[in-house]
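Hi,

Here is the structure I promised to send over. Have a look at it first, then read on for what turned up.

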Amino acid sequence: MTAKTFPRFFFPDERARSVMDVDYEGLQEGGIKAVIFDLDNTIARWGDERLEEEIMELFERITSMGLRVAVLSNSRRKDIENFIEELPFPHLFNANKPGKRGFRSILKELGVTGNEAAMVGDQLLTDVLGANRVNMYTIRVDPIDPEREYNFTKINRLGEKFLLCLREIYRFFRSWRFTRR
Ligand SMILES: [Mg+2]
C-alpha cells in the first residue's frame with residue numbers, strides 16, 4: 001500500500017457497519033497479518049464490563065484464520081480492562097490515539113509493520129487518523145451506541161462532522177471544475 005497524502009490521513013480506506021461486517025478474509029488476501037481493534041463503541045458499549053460472546057467468537061475466528069488480534073484503547077476503565085487483560089491478545093489502554101507511540105508499541109508487540117496491519121475503529125480523529133499516520137489500513141465502523149460516549153468523544157464527533165463537510169465541499173468543487181472543462 002502506498003503512503004497516504006495529507007487529506008487522506010483523516011479518512012478510512014473503507015467503511016463497515018460493524019466489526020461483524022468487515023471482510024477479514026479479503027484483508028488477509030491483501031497482505032494484512034494483524035487486526036487492531038478500538039474498544040469503546042467498536043467492540044464494547046460504554047459501561048460494559050466484559051466483551052460480548054459474539055466478539056469473543058469473532059476474535060477466535062480471526063485468529064484461527066492466522067491473523068493476529070490486538071486491542072488499542074484510549075480508555076482508562078478498570079472494569080473492562082481487567083477482563084481484557086485476561087485474554088491472550090496484546091492490548092494497550094490509555095493509548096493516546098491519534099499519537100503514534102501507542103500504535104508503534106502494539107505493532108511491535110504483534111511483530112508486524114504498519115503496512116501489514118489494519119485498524120478497526122469508530123472515530124476518525126483517534127482511530128483512523130492515528131492508524132493512517134503509521135501507514136496502517138483503516139476501517140471505520142459505525143459506533144455501537146452513539147448516545148453513550150465520553151464528553152470528549154462528543155467533541156471529536158463535531159470535528160468529524162466538520163471534516164466530512166469539508167470533504168463534500170472539496171468534492172463539489174472538484175466535480176464542478178471537471179464539468180466546466
Ligand atoms: Mg471508540
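Predicted model: local features only at pLDDT ≥ 70, side-chain atom pairs only at ≥ 80, totals over all residues.

**What I found**

If you want one spot to look at, find Val120, whose bridge partner in S6 is Ile139. Helix H5 (residues 124–133) packs on the sheet there and touches both S5 and S6. The direction of H5 makes about 165° with that of S6.

Now zoom out to the sheet. Which order do the strands take? The 6 strands line up as S1-S6-S5-S2-S3-S4, in an open sheet with parallel pairing. At the edges sit S1 (14–16) and S4 (91–92), and each of these pairs on one side only.

Starting from the N terminus, the elements go β-α-β-α-β-α-β-α-β-α-β-α.

What about the overall shape? The C-alpha trace spans about 60 × 35 × 30 Å along its principal axes. For 181 residues, a compact globule would have a radius of gyration near 16 Å, and the chain's 17 Å agrees with that. Buried residues account for 30% of the 181 in the chain. Finally, take the contacts with a separation of 6 or more: 66% of them are between residues 24 or more positions apart.

Cheers

Note on methods: Residues numbered from 1 in each chain as written. Pairing = 2+ DSSP bridges. Helix = DSSP H or I, 4+ residues; strand = E, 2+ residues; numbered from the N terminus. Contact = placed C-beta atoms within 7 Å. Axes fitted to C-alpha atoms, helices over the stretch in contact; angles between N-to-C directions. Rg over C-alpha atoms; globule rule 2.2 N^0.38 Å. Buried ≥ 20, exposed ≤ 12 C-beta atoms within 10 Å, placed from the backbone.
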